[in-house]
Amino acid sequence: MATLRRDGRVTALQRLGCAGLAGALSLSLTAPLELLTVLAQVGTWHCRRGLRSAALGLCRAEGLRALWKGNLTACLRLCPYSALQIASSRRLVTLFMDELGHISHWRAIMAGSLAGMVATVVTYPTDVIKTRLIVQNRLEPSYEGIVHAFYKIYHQEGLRALYRGVSPAILGAIPFSAGSFFVYISLDKIWQEPIVHFTPLQNFINGCVAAGVAQTLSFPFETVKRKMQAQSPWLPHYGGVDVHFTGMADCFRQTVKNKGVLGLWNGLTPSLLKIVPYFGVMFSTFEFCKRVCLYRNGYIESPLNYKLTPGVDQSLHPQELRELKLLRRENFEPRKSALEN
């Protein structure tokens, strides 16, 4: 069993801002690996000679900036996605908790997965747009930007095109949750100590391992999703997809028939390579942003460390601490005499 504890010294808006900034920075730094993953999943011509050749060929054909195609869309998607996920997760965690406020790892992972599914469905059109921007030629673009891509896809292909591939995205949450749960129930056996005693480094390693296992298990659904997002009769070469299909089941069938079973895992290597830098940058950035917020709220002496401010009640929420400081200031300020007025 585990008790979910949230640092009440940071406001919800500050927490969302920290998460958004950390996510945007980690996405931007690992964007080339994400791009290579998507291109390999779709099966475009870039990846026929390996990932290194794909990156070099893309840079020669479209310039160095091509490695960050679709990254702006991914970053803009972070805030609404995170807000929806946090709101949904909070409600689901409350439903899954027992009378004492405890929740098991399995239920916590289930709550997180369901919250992720809700956020995925609502923000899914931005994921489709990101894929379309990645697979297009930057020098001869079919879409001039995010808004133009949304407008053009909606008017040419209809609303359903903005949700093409959402079924494998939802189904992929099942093996993803199972993989995460398998790792977390084995952590105490792997480290040979209780989970509550894990250090920050151990938790970081646990997160990377869980993400790697879950990503590997759910990757075939991710591959089919990307192919369905990219395929369009309105794009050159049907979006560059290496197989042609009529739906999700047919996409699975045609991929296995033409590329073999391992074709469902094309692009897994760059996807796994980005896990460590992605989580490393995200966690370190989030922690630093959190320290800045704690410093601004008055709980710590400096944003460079976690040294607590003397005389400050750390159990108070930010609004309560501000009100207490204001009350103290009013009580200790010398009142002006009648002669001064």
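H6 and H7 are roughly perpendicular to each other, where angles of 65 to 115 degrees count as roughly perpendicular, under 35 as roughly parallel, over 145 as roughly antiparallel and the rest as oblique. Helix H6 covers residues 124–135 and helix H7 covers residues 146–157. Their axes come within 10 Å and cross at roughly 100°. Who makes the contact? On the H6 side, Pro 125, Ile 129, Arg 132 and Leu 133. On the H7 side, Ile 146, Ala 149, Phe 150, Ile 153 and Glu 157. Contact here means heavy atoms within 4.5 Å. The axes are lines fitted to C-alpha atoms, for helices over the stretch in contact, with angles running from 0 to 180 degrees between N-to-C directions. Two packed helices are described by the angle between their axes and the distance between the axes.

Some ground rules. This is a predicted model, so local features need pLDDT of at least 70 and side-chain atom pairs count only at pLDDT 80 or more, while totals for chains, interfaces and linings use all residues. Residues are numbered from 1 along each chain as its sequence is written, and side-chain values use heavy atoms, with hydrogens and water left out. Helices (H or I, at least four residues) and strands (E, at least two) are DSSP runs, numbered from the N terminus.

The N to O distance is 3.1 Å. A salt bridge is a side-chain nitrogen of Lys or Arg within 4 Å of a carboxyl oxygen of Asp or Glu. Arg 132 is buried, at a relative accessible area of 0%. Glu 157 counts as buried too, at 17%. The cut-offs: buried is under 20% relative accessible area, exposed is over 50%, and partly exposed is in between, with a 1.4 Å probe and protein chains only.

Helix H6 has another link. Asp 127 in H6 pairs with Arg 226 in helix H11, residues 200–230. The salt bridge is 3.2 Å, N to O. Are these two buried or exposed? Both Arg 226 and Asp 127 are buried.

Stay on H11. Lys 225 forms a salt bridge with Glu 222, with the closest N and O atoms 3.3 Å apart. The two are three residues apart in the helix, which means about one helical turn. Lys 225 is buried at 7%. Glu 222 is partly exposed at 25%. Now zoom out: salt bridges that share partners join Glu 34, Asp 127, Lys 130, Glu 222, Lys 225, Arg 226 and Lys 274 into one network. Over the protein, the count comes to 15 salt bridges.

Next, the loop between H11 and helix H12, which is 248–259. Pro 236 lies there. Pro 236 is exposed at 53%. Its C-alpha atom is separated by 18 Å from that of Ala 66, 170 residues apart along the chain. His 237 is in this loop as well. His 237 has a positive phi of about 55° although it is not a glycine. Tyr 238, also placed in the loop, has a positive phi of about 55° as well. Most residues other than glycine have a negative phi. His 237 is exposed at 71%, and Tyr 238 is partly exposed at 39%.

Now the surface. What do Val 121, Phe 150, Tyr 154, Leu 159, Tyr 163 and Ile 170 form? A nonpolar patch, with about 500 Å² of accessible area together. Patches are made of residues with over 30% relative accessible area and no salt bridge, with like charges joined within 9 Å and nonpolar side chains (Val, Leu, Ile, Met, Phe, Trp, Tyr) within 5 Å. Ile 170 is in helix H8, residues 166–171. Ile 170 is partly exposed.

Last, the totals. The protein has 15 helices and two strands. Of its 341 residues, 43% count as buried. The C-alpha atoms fill a box of roughly 90 × 55 × 35 Å along the principal axes. Accessible surface is about 19,300 Å², of which 63% belongs to carbon and sulfur atoms. Those areas come from the Shrake-Rupley method with a 1.4 Å probe; for residues, only the protein chains shown count as cover. Among contacts between residues at least 6 apart in sequence, 68% join residues at least 24 apart.
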